[in-house]
Amino acid sequence: MKKGSAAPSTAVGLRLEKAARAAYARAYAPYSGFSVGAAVLAGSGKIYAGCNVENASYGLCTCAERTAIAGAVSAGERKIRAVAVYTPTAKPTAPCGACRQIIFEFGPDAAVTSVCDSAERIDTRIAALLPSAFSGKSLKRK
Ligand code: THU
């Protein structure tokens with residue numbers, strides 16, 4: 001894994017996981033009862049955290065990963081280097097399909113880590129979670 005890529009067990013990787021765990025505590029998930037915390041390491045080296053934000057109109061629920069990325073982009077970031085997701089479960093939770101697409105937009109090379117309340121974890125890359133991704137390149141006609 002490349003230097004500064006927030007590889008697991010590096011200082012920045014651990015900070016990213018810690019930020020995802022802290023964000024989980026702020027989740028608003030009264031409908032599903034499934035709280036999620038996420039954090040992204042952006043191009044500047046800063047970490048942005050987010051939680052899932054649900055709504056009585058269920059289709060408007062926002063995932064933790066997307067909340068974190070929206071915060072990073074709103075702060076002026078355009079590159080996502082790594083993503084960490086925390087759920088208080090026995091198995092780690094991989095980002096949903098929609099979030100994979102949004103992670104890919106800003107971090108086609110991003111590392112993705114999912115941690116939970118057991119020692120099980122997922123350490124992968126967005127390209128592995130979203131093969132043959134649709135992207136801005138796909139919009140070129142010729
Ligand atoms: N959720 C996330 O925040 N991230 C994911 O990758 C999977 C799902 C949230 C959305 C919803 O608030 C709850 O988990 C149940 O689907």
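**Close-ups of the ligand site**

View 1. A polar backbone atom of Cys96 sits 3.0 Å from an oxygen atom of the ligand; a polar contact here is a pair of N or O atoms within 3.5 Å. The protein hides 79% of the 370 Å² of accessible area that the ligand has on its own (Shrake-Rupley method, 1.4 Å probe). This is a predicted model, where local features need pLDDT of at least 70, side-chain atom pairs count only at pLDDT 80 or more, and totals for chains, interfaces and linings use all residues. Residues are numbered from 1 along each chain as its sequence is written, and side-chain values use heavy atoms, with hydrogens and water left out.

View 2. For Glu54, a polar side-chain atom lies 2.5 Å from an oxygen atom of the ligand. For Asn52, an N or O atom in the side chain is 2.9 Å from a ligand oxygen atom.

**View 3. The shell around the ligand.** Residues around the ligand (a heavy atom within 4 Å) include Ser32, Glu65, Ala94 and Pro95. The shell splits into seven nonpolar, two polar and two charged residues; Ala, Val, Leu, Ile, Met, Phe, Trp, Tyr, Cys and Pro count as nonpolar, Asp, Glu, Lys and Arg as charged, and the others, Gly among them, as polar.

View 4. The ligand sits in the largest pocket, meaning more than half of its atoms lie within 2 Å of the pocket's grid points. On a 1 Å grid over the protein atoms alone, a pocket is an open set of points where a 1.4 Å probe fits, with protein on both sides within 12 Å along at least five of seven lines. Its lining has 15 residues, with Phe34, Val36, Asn52, Cys63 and Ala64 nearest the centre (lining means an atom within 4 Å of a point).

Technical notes. Polar contact = N/O pair within 3.5 Å; in protein donor to acceptor, adjacent residues only side chain to side chain.
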